[in-house]
Amino acid sequence: MRILVTGSSGQIGTNLALRLQRDGHEVFGVDKRLNTWTEEFRYLLQDLSGHYPSFPGGIGGVEYPEVDLVVHLAAHAKVHQLVRQPHRALENAVMTFNVLEYCRQEKLPIVFSSSREVYGDVHRFAEEEASEASADFAYTESTYSASKIAGEALIYSYARCYGLRYLVFRFSNVYGRYDNDLARMVRVLPLFIHMMLRDEPVTVFGPEKTLDFTYVDDCIGGIAGGVEALAEGRVVNETINLAYGEGHTLSSAAELRAAELGIEPKIALAASLLGEVTHYVADVTKARELLGYEPRVPLEEGILRAVAWSKEHRAEHPEDDGPLPADMPFPQDAEIGWKPSSSIPAS
């Protein structure tokens, strides 16, 4: 197939594009940033968040090559940045609208990247795993999660109004290869590696925070399977969790990182930040039943792979060993007074 991947310069986009090419597909990417990882697929530099009028054959007056399916990954994904700058949440919705208009005009199916953030924190004390049916949008924790909820709502409305064929995947803490660009994207596990290698203290915001960490190859395998199932019409118009299906506290994840690096960690504990989900474990039953999805990389093994890749990359790029960028939620947000959020249902 000929597949358009938006957000093709990010971690998931880069890994997915390379996987799709290995599977024999032709990939065309769109991203506002250069891809610093690879030059193995062609892509267009374009900001999809503009208020563009409808344009046949592309977005914003730009002609795209003919494609058979769209994977829409492009988004502002720094939760804390969107808390500070909520206009970026609106831009996420605009990006999705622009891509949907393109799909509507070209009659293309779409795979949309959502997030476990849509579940909010209503399940923080629940013992059961979060299934696709358990999302309650009254408990939205942040403007980022609201933007993903809005994206899903647009997808569902286009399906009902215009016959759009879709798959929505809800990702959970994807980590691994191509995942240490801290100037652009702050993910907790590569952040731990960076700070520990610099012998800096690590702050764990939420000692009991439990999340479902997904190694990137498991995530990409699920998306690739979904792409083929959607194109063949075997699985259509479904919302599916893609995760490992097992919870780990942030404290234990930090300790695993330190053990693999062979260092004594300096771990400070603090309260969770505004907008954060503090408990999430995915139910991946639906992915197994519909796509034959079977995650293969537990956190212990994934950390080994992630640390090995990070060390190799840093050896080739010593410039990445510098101090953290100024636009970081750790620990500045705590210093300017962010408080833990509380879930307040809509009246």
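Leaving aside neighbours within four places in sequence, alanine 268 is in contact with Val202, Thr203 and Val204. Contact here means heavy atoms within 4.5 Å. The model is predicted: local features need pLDDT of at least 70, side-chain atom pairs count only at pLDDT 80 or more, and totals for chains, interfaces and linings use all residues. Residues are numbered from 1 along each chain as its sequence is written, and side-chain values use heavy atoms, with hydrogens and water left out.

Alanine 268 lies in strand S15 (residues 267-270). Helices (H or I, at least four residues) and strands (E, at least two) are DSSP runs, numbered from the N terminus. The relative accessible area of alanine 268 is 33%, so this residue is partly exposed. Buried means under 20% relative accessible area, exposed over 50%, and partly exposed in between (1.4 Å probe, protein chains only). Serine 251 is 17 residues from alanine 268 in sequence. Their C-alpha atoms are 9.6 Å apart in space.

Lysine 209 is found in the loop between strand S10 (202-205) and strand S11 (210-211). Lysine 209 counts as buried because its relative accessibility is 5%.

The protein as a whole has 10 helices and 15 strands. Of its 347 residues, 54% count as buried. The protein exposes about 14,600 Å², and carbon and sulfur atoms supply 51% of that area. Accessible areas come from the Shrake-Rupley method with a 1.4 Å probe; for residues, only the protein chains shown count as cover. Among contacts with a separation of 6 or more, 79% join residues 24 or more positions apart.

Seven strands form an open sheet. Their order is S3-S2-S1-S6-S7-S8-S13, and the pairing is parallel. Two strands pair if DSSP finds at least two bridges between them. Strand S3 (42-45) and strand S13 (238-242) are the edge strands, each pairing on one side only. From one strand to the next, the twist averages 20°. Axes are lines fitted to C-alpha atoms, for helices over the stretch in contact, and angles run from 0 to 180 degrees between N-to-C directions.

Strand S2 (residues 26-31) is joined to S3 by four bridges, and the two run parallel. Aspartate 31 stands opposite leucine 45 in S3. Valine 30 has leucine 44 as its bridge partner in S3. Valine 30 in S2 also stands opposite threonine 6. Five bridges join S1 to S2, again in parallel. S2 is mostly covered, with five of its six residues buried. S1, helix H1 (residues 11-22) and S2 make a right-handed β-α-β unit. A crossover is right-handed if, with the strands pointing away from the viewer, the path from the first strand over the helix to the second runs clockwise.

Leucine 167 has glutamate 238 in S13 as its bridge partner. S13 is mostly covered: four of its five residues are buried.

Helix H3 (residues 87-106) lies across strand S1 (2-6), strand S6 (69-72) and strand S7 (110-115). H3 runs at about 175° to S6.

Helix H4 (residues 143-162) has 20 residues, so at 1.5 Å a residue it should span 28 Å. The expected span of a helix is 1.5 Å times one less than its number of residues. The end C-alpha atoms of H4 are 28 Å apart, which agrees. Buried residues of H4 include Tyr144, Ile149, Ile155, Tyr156 and Ala159. Lys148 and Glu152 of H4 are buried too. The cover over the buried residues of H4 includes helix H2 (79-84), H3, S7, strand S8 (166-171) and S13. Just after H4, glycine 163 takes a positive phi of about 75°.

Helix H9 (residues 299-316) has 18 residues and should span 26 Å at 1.5 Å a residue. Its end C-alpha atoms are 25 Å apart, which agrees. Among the buried residues of H9 are Leu299, Ile303, Val307, Trp309, His313 and Arg314. An α-helix has 3.6 residues a turn, so residues three or four places apart point the same way.
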